[in-house]
Amino acid sequence: MKTYVTKPAEIERKWFVIDAEGKILGRLAAEAAAILRGKKKPIFQPNVDAGDYVIVVNADKIRLTANKEGKKTYFVVSTGYVGHNKFLAFKDIKAKYPERIVERAIKGMLPHNTLGRQMFKKLRVFAGPDHDHQAQKPEMYAL
């Protein structure tokens, strides 16, 4: 048997829209990361970026399980001085920058190297129901 090697010229990329309204953050992020990596395709290889583009809409309507919405905090580097750590609550970030919550969750599930950064560039997150990628003819992705 010969081993099939995916070449970058052979990769066909599609655009998918994921509606985040009422979805759980972690489950949505895991599904989006799998699409970005290309794990849903038969030509998947861990060293090749064969993934598709993902558009996440309604990021402001994402939710967490149990009682985490009031307890979850995010670490933010503020000054660089020892002991000057800053923690922001989930609900505060969701009110001001809902896109960043989804982006951060998905980025954490991608490889932490140059290939992961390349995959992350194929992600678009919007707080509302509208996006500006109609020209790419994206398909709705059902979770």
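Read along the sequence, the chain runs β-α-β-α-β-β-α-α-α-β-β. That gives five helices and six strands. The model is predicted.

Start with the whole chain. Its C-alpha atoms fill a box of roughly 55 × 35 × 30 Å along the principal axes. Of the 143 residues, 37% are buried.

Now the charges. The chain carries 27 positive and 15 negative side chains. The centres of the two sets lie 7 Å apart. Side chains of opposite charge can pair when their charged atoms come close. The structure holds five salt bridges. Three of them are followed here, among the five.

Take Asp49 and Lys122. Their side chains meet in a salt bridge, with 2.5 Å from N to O. The pair links distant parts of the chain, 73 residues apart. Asp49 sits in the loop between α1 and β2, and Lys122 in the loop between α5 (114–120) and β5 (123–125). Both residues are buried.

The loop between α1 and β2 (53–57) also holds Lys41 and Asp52. These two form a salt bridge at 2.9 Å, N to O. They are 11 residues apart. Lys41 counts as buried because its relative accessibility is 18%, below the 20% cut-off. Asp52 is buried too, at 7%.

Lys7 and Glu10 make another salt bridge, and their closest N and O atoms are 3.9 Å apart. Here both partners are partly exposed: Lys7 has a relative accessibility of 45%, and Glu10 has 38%.

Next, look at Lys23. This residue lies in the loop between β1 (15–19) and α1 (25–37). Its relative accessible area is 29%, so Lys23 is partly exposed. Leaving out residues up to four places away in sequence, Lys23 touches Leu28, Ile62, Arg63 and Leu143. Gly116 is 93 residues from Lys23 along the chain, and their C-alpha atoms are separated by 24 Å.

Finish at the surface. Phe75, Val77 and Phe87 form a nonpolar patch there. Together they have about 330 Å² of accessible area. Phe75 belongs to strand β3, residues 73–76.

Key:
Residues are numbered from 1 along each chain as its sequence is written. This is a predicted model: local features need pLDDT of at least 70, side-chain atom pairs count only at pLDDT 80 or more; totals for chains, interfaces and linings use all residues. Side-chain values use heavy atoms; hydrogens and water are left out. Patches are made of residues with over 30% relative accessible area and no salt bridge: like charges are joined within 9 Å, nonpolar side chains (Val, Leu, Ile, Met, Phe, Trp, Tyr) within 5 Å. Accessible areas come from the Shrake-Rupley method with a 1.4 Å probe; for residues, only the protein chains shown count as cover. A salt bridge is a side-chain nitrogen of Lys or Arg within 4 Å of a carboxyl oxygen of Asp or Glu. Helices (H or I, at least four residues) and strands (E, at least two) are DSSP runs, numbered from the N terminus. Buried means under 20% relative accessible area, exposed over 50%, partly exposed in between (1.4 Å probe, protein chains only). Contact means heavy atoms within 4.5 Å. Lys and Arg count as positive and Asp and Glu as negative; His and the chain ends are not counted. The place of a charge is taken as NZ of Lys, CZ of Arg, CG of Asp or CD of Glu.
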